[in-house]
Amino acid sequence: MKLTAKDIGVGVLAGLSAALLSVGVITQSTLAMALLLFSPLPIFVAALGWGTGAGFIGALSMAVAVSVLAAPTAALVVVLITALPAAAAAYFIGLARPAEEIGGPKNAYVWYPIADMLLRLALIVGATFVAIGVLIGFGDDFAMQLAKSLGQQLAASNPELAANADAVQDMALFIVRVLPAMQPAVWVMIIVANLYLALRLTAASGKLRRPKDDWPRALRMPRPALAVFAIACAACFLPGGIGYAATAFAGALGACFIMAGFAMMHARTRGAPWRPVALWFAYFAVMLFVFVLFLFLLAGLFDTSRSAPVSKAANTTPNNDN
């Protein structure tokens with residue numbers, strides 16, 4: 001991998017941009033929280049447009065900038081949840097090898113499947129949230145204290161709940177138990193959304209080397225992910241830190257299967273005159289009823305078990321950065 005001064009400069013600028021999008025959350029304003037959602041985007045754009053090396057330089061620059069602007073602990077958290085997953089996902093997306101090596105045509109390249117990238121991204125995000133849990137000491141004692149504090153907040157915000165202390169505490173315990181799954185799940189979706197947006201931006205600018213993927217058909221999970229997800233779900237019932245760690249992995253993997261379920265719906269409704277109504281109804285139902293996500297999870301699991309994702313092989317220029 002050869003890095004030019006331009007690649008290094010782009011990486012540094014991307015890291016500084018990502019850092020500014022991240023540290024604004026300290027102010028706890030609505031705008032700052034919205035900007036945080038786009039913090040992986042500069043790293044993705046740098047890696048996809050100028051090579052993997054620029055992406056990793058961006059991740060390192062982001063860590064240094066956040067440690068200067070905020071605190072070393074905040075920098076570590078930012079690296080774990082934003083810089084590391086973004087740089088890793090961009091690296092996998094940029095991988096390609098000559099199709100001739102697997103019996104394909106000359107002057108063609110087989111690109112790393114989105115499905116395999118998605119599995120590895122879920123495992124990386126799950127591991128980063130486990131690391132953060134270890135960093136803050138998340139365990140049974142911490143969970144009980146958090147549940148107690150959350151119960152007090154719920155009772156203070158809703159006088160009707162305050163009359164039933166047991167119901168409030170049960171609700172708080174449930175929220176604390178599912179929190180280790182919800183956070184990685186939401187963040188995986190945010191990273192994938194930023195990746196998709198970065199692919200569109202770099203393709204529009206003519207900097208993207210990877211050919212365009214058919215996301216509704218390519219956004220799947222590989223079959224080995226079924227076994228990993230089953231093991232993680234089973235381990236969720238274990239006590240202590242092991243159970244919380246398994247919950248984080250199950251949440252990250254579950255989010256990928258949910259996205260695969262949505263992708264299957266987009267692919268299966270192509271060409272149908274009622275497609276806009278079906279898509280609108282599905283997304284509107286998700287906003288109203290969270291349990292609808294469970295149906296898409298089942299759809300993603302079912303589709304993964306019965307079909308293999310589409311791998312992309314296309315004639316393009318060599319990817320010299322990977």
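What follows is a tour from the overall fold to single residues.

**Before you click**

This is a predicted model, so to speak of a local feature we need pLDDT of at least 70, and side-chain atom pairs count only at pLDDT 80 or more, while totals for chains, interfaces and linings use all residues. Residues are numbered from 1 along each chain as its sequence is written, and side-chain values use heavy atoms, with hydrogens and water left out.

**Stop 1: the whole chain**

Show the cartoon. You have 14 helices and three strands; both are DSSP runs numbered from the N terminus, with helices being H or I of at least four residues and strands being E of at least two. Now colour by burial: 46% of the 322 residues are buried. Buried means under 20% relative accessible area, exposed means over 50%, and partly exposed is in between (1.4 Å probe, protein chains only). Of the contacts with a separation of 6 or more, 75% are between residues 24 or more positions apart; a contact here is heavy atoms within 4.5 Å.

**Stop 2: a pair of rings**

Select Phe262 and Phe296. Their ring centres are 3.9 Å apart and their planes are at 10°, so this pair is stacked. Rings of Phe, Tyr and Trp (its six-membered ring) pair if their centres lie within 6.5 Å; planes under 30 degrees apart are stacked, over 60 edge-to-face, and the rest tilted. The pair links distant parts of the chain, with Phe262 in helix H12 (residues 240–268) and Phe296 in helix H14 (residues 292–306), 34 residues apart. Both of these phenylalanines are buried.

Next, select Phe289 and Phe291. This aromatic pair is tilted, at 5.8 Å centre to centre and 50° between the planes. Phe289 counts as partly exposed because its relative accessibility is 43%, and Phe291 counts as exposed at 57%.

How many aromatic pairs does a search of the whole structure find? Eight. For another place to look, pick Tyr91, Phe92 and Tyr112, which ring pairs link into a cluster.

**Stop 3**

Gly300 is buried, with a relative accessible area of 0%. Its C-alpha is separated by 7.7 Å from that of Phe262, 38 residues away along the chain. Leaving aside neighbours within four places in sequence, Gly300 is in contact with Phe257, Ala260 and Gly261.

Now jump to Phe229 in helix H11. At 11% relative accessibility, Phe229 counts as buried. Beyond four places in sequence, Phe229 is in contact with Ala250, Leu253, Gly254, Phe257, Leu297 and Leu301.

**Stop 4: the nonpolar core**

Which residues have the most contacts inside the largest nonpolar core? Select Phe44, Met62, Met117, Val188, Leu195, Met221 and Phe296, in a core of 73 residues. Such a core is a set of buried Ala, Val, Leu, Ile, Met, Phe, Trp, Tyr and Cys residues joined through side-chain atoms within 4.5 Å. Zoom in on Val188: not counting residues up to four places away in sequence, Val188 touches Ala122, Val125, Ala252, Ala255, Cys256 and Met259.

**Stop 5: the helix with Ala47**

Move to Ala47 in helix H3 (residues 41–50). Ala47 counts as buried, at 8% relative accessibility. Apart from residues up to four places away in sequence, Ala47 touches Thr52, Gly55 and Ala90. Ala47 and Ala90 are 43 residues apart along the chain, yet their C-alpha atoms are separated by 6.0 Å.

**Last stop: Gly53**

Finish by selecting Gly53 in helix H4 (residues 52–69). Gly53 counts as buried at 7% relative accessibility.
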